[in-house]
Amino acid sequence: MKKIISAFIAACVLLYAFPITAFAANGPSQFKFGDYYLAYISVYDVETDSGFRLYDPNAEVPQAPDGISYDLATNTITLNNFKKPLTEIYTNMMGDDLRLTINGECELGRILVYGDGYGGSLTIDGTGSLTVNADKKNYSGISLLAETSDSTLTLGKDVKVNIYGKEIAVMINATACDSLDKAVVMKNGDSPKEFIKERIEYDEPEYIEILRIEEGWTRLEGVKVTRASDPDGIYCVEIYEEDGEKLYFVKKFDGLEGYDVLTQDVSFKVDPMTEEEFESSEYSIVTDDLPIQLLYTNYEYEKNHRGWASKRVYNAEDPDGIYCAGYVWYGTGSTDRDPDEYIIYRLIWDEGMDGYIRDESQETLYLDADEFAASPYEIVYDEIKEPKYVKYWYYNEPGEDNYEASAQVMNYSEDPDGIYVLSYTYTSTHGNGTVSTGYYIDELYYDEENDCYYRDPDGEFGTTSYDISTEDFETSGFTKAYTTTYKPQEIRYLTEDYKFEYYAYKGVQASNIYDPGAVYVAEAYHSGDPDTTPIEGYYFLRLVYDEAKGHYYEDEECSMEKLAVDELEENGFRIETAEQPIDFYSSGLIDNFSMPVYTDSEGNRYLVRGNEVYNYGDFSKIDYFGKVLYVPVLNTEVSLSDLTATKMHYVTDFYNFHTKAGEFAYGSGDQPGYILGDVDGDGEVSINDATTIQYYLAELLQTPLTETQMLAADYNGNGYIDIDDATMIQYLLADLL
């Protein structure tokens, strides 16, 4: 009899063995921005303003404190009695299978999950309880910022969760899930009735793509080349060196009809070629007898400007060592740095580089402001005496014609409390041929109401101006005021990417028949615009070659010579030339972007950028490599204040789901007892339970399932009853699970 039952079960397994539905399991993203992986898990303590990475593929993560851990193999964050009501967890692109397992009593301040189009789902499970944002300081306790991924919040069957928010408790923004049951899955049998669904709709200005053209501007693109199959075409090649091998990238350019510009033909594609491939191709580099370019500098400039500049620091534990403190940079801009965090390097002198380099045997330290203050390091300062300046209004009444000036403060022995400034020094040539020099000094009036200084040329406020000759200045009672400041001492060091040409001047090689064997460099000067006027003459410098460094430097024993073109021959100078590739320049600046559309009261359409209004239309259409764009024309007769921005209404396929209130409770712990899979409630799992599920799905049951039966029937725990639950029970009975 048992064999017959087993055979029947096996037949049922084959009949109903449809694929079992599973949630997408993609794990942390492997996407990179440059060399930087984007996925991470950060833990931040608001109270101490400190944090750490629980997962970071870009760096070694620190040892996590007790009560919190992360397992990459299962993509699971685990909390064990982690009661930190001011601690927040942030994740980015950790995938749709990210799990937060709760053991014991746990508290957090906020959970913020970013999907970034990749996947930012979160499953909270375990047997413990989790309270988030109990003080309601944050707008929401749990936020899933799907960023157009189909992110879902899933709550396990046995976990207890209490979420709070200043406005809403839980929000799921911009998810691709189109139904509430997909966005919020509750595995204890509840439905997410506390949530509401909103389709994302928004208004945005209407934009028109335009082409901006600026004639007469040039930029270096590469080396000019010809193409055998297209001798009249305009081509250039850019040459890059990678791992000691040269790579050649060929570009094609065309003129733009009606404009004096060249623009790259983006439809022309050539794969990069090696030097050997390029030399055997149909392209040939165009050469000519051209001036030879030389790189040079002077020793003082090269020493004081090359390399990285950092603050010099003193180490009390290593008083003879040389140290510097650099900033921690988090971007590429000149101000993208953390002013309260330093990188500490120890430097050593390198004779070959003739400069300081990093001591690689010394550990690099990263210290925030508090750690730096408590360390043996301190910044070395220089005392700087600088002129003292004050700002003032040039006339004694504010207005459109007034302007603010800044001048050096003067001390006056006869009026030590007065405010005087050196407005200017002068040199005057008189008709009798005499020359006078002197100082013009103004007393300033202080306006208490506006907290500012005025110059008073009309004497309205009783101030005085002084015209003092250079000869009388010493006995005038006036002296220049100075202030003492302290600036961090600067030290420079070199890294392996140091290149001489970054800091060198560039000139044209020249020679002199009266100084045979010497090398000169020449810089041309013009009577006007260098692009439109001929060369008037040259400045000549004698160079010396430093064998140890392999560079040219100015000969400090020889001064610069300035010679007109017709003076070169008689002074023995000649510009040196050689057969060289011709640099290729594309003329004009062309770029395309979008501009918003505005209309007037009559419905006429304009484009706007900043406060400027532009016309566009059929008259300004242009075919830009098969794409029709507009070239806008400035309109000086229409004011922006007379126009209204046009709006476009967009309805997206993405949705926001959020709770109706600032509190959300899940899992009371009072669920009726049941055996998973025992749908009929007879105390054991049998084939009858699988059959009951099949009848339920076919809507053939005489009596509806109770809430307890529904929980028991969800065998795979995905939050709803389907054929997979019946199939898994059959696998269980056939000893296949």
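Student: Is Glu275 buried, partly exposed or exposed, and how do I tell?

Tutor: Look at relative accessibility. Buried means under 20%, and exposed means over 50%. Partly exposed lies in between. This is a predicted model. Here Glu275 has 35% relative accessibility, so Glu275 counts as partly exposed.

Student: Where is Glu275 found?

Tutor: Glu275 is found in helix H3. That helix covers residues 275-279.

Student: Which residues form the negative surface patch?

Tutor: Asp and Glu count as negative. In this model, Glu242, Asp243, Glu245, Glu275, Glu276, Glu277 and Glu279 form such a patch. Helix H3 gives the largest share, four residues.

Student: Which residues make the nonpolar surface patch?

Tutor: Tyr202, Met648 and Tyr650 make that patch. Its area is about 250 Å². Take Tyr650 as a case. Tyr650 sits in strand E57, residues 647-659. Its relative accessibility is 32%, so Tyr650 counts as partly exposed.

Student: Now the whole protein. How many helices and strands does the protein have?

Tutor: There are nine helices and 58 strands. Next, read the radius of gyration against the globule rule. For 737 residues the rule gives 27 Å, but the protein has 39 Å, well over that value, so the protein is more spread out than a compact globule.

Student: What box do the C-alpha atoms fill?

Tutor: Along the principal axes, the box is roughly 130 × 80 × 75 Å.

Student: What percentage of the residues count as buried?

Tutor: Of the 737 residues, 38% count as buried.

Student: How do I read burial along a helix?

Tutor: Start with the turn. An α-helix has 3.6 residues a turn, so residues three or four places apart point the same way. Now go to helix H7, residues 687-697. Its buried residues include Asp689, Ala690, Thr692, Ile693 and Gln694.

Student: What follows H7?

Tutor: Glu699 follows H7. The phi of Glu699 is positive, near 55°.

Student: Where is the place of Tyr720?

Tutor: Tyr720 lies in the loop between helix H8 (707-713) and helix H9 (723-733). Apply the cut-offs again. The relative accessible area of Tyr720 is 42%, so Tyr720 is partly exposed.

Notes. Residues are numbered from 1 along each chain as its sequence is written. This is a predicted model: local features need pLDDT of at least 70, side-chain atom pairs count only at pLDDT 80 or more; totals for chains, interfaces and linings use all residues. Side-chain values use heavy atoms; hydrogens and water are left out. Patches are made of residues with over 30% relative accessible area and no salt bridge: like charges are joined within 9 Å, nonpolar side chains (Val, Leu, Ile, Met, Phe, Trp, Tyr) within 5 Å. Accessible areas come from the Shrake-Rupley method with a 1.4 Å probe; for residues, only the protein chains shown count as cover. A salt bridge is a side-chain nitrogen of Lys or Arg within 4 Å of a carboxyl oxygen of Asp or Glu. The place of a charge is taken as NZ of Lys, CZ of Arg, CG of Asp or CD of Glu. Helices (H or I, at least four residues) and strands (E, at least two) are DSSP runs, numbered from the N terminus. Buried means under 20% relative accessible area, exposed over 50%, partly exposed in between (1.4 Å probe, protein chains only). The radius of gyration is taken over C-alpha atoms; the globule rule is 2.2 Å times the number of residues to the power 0.38.
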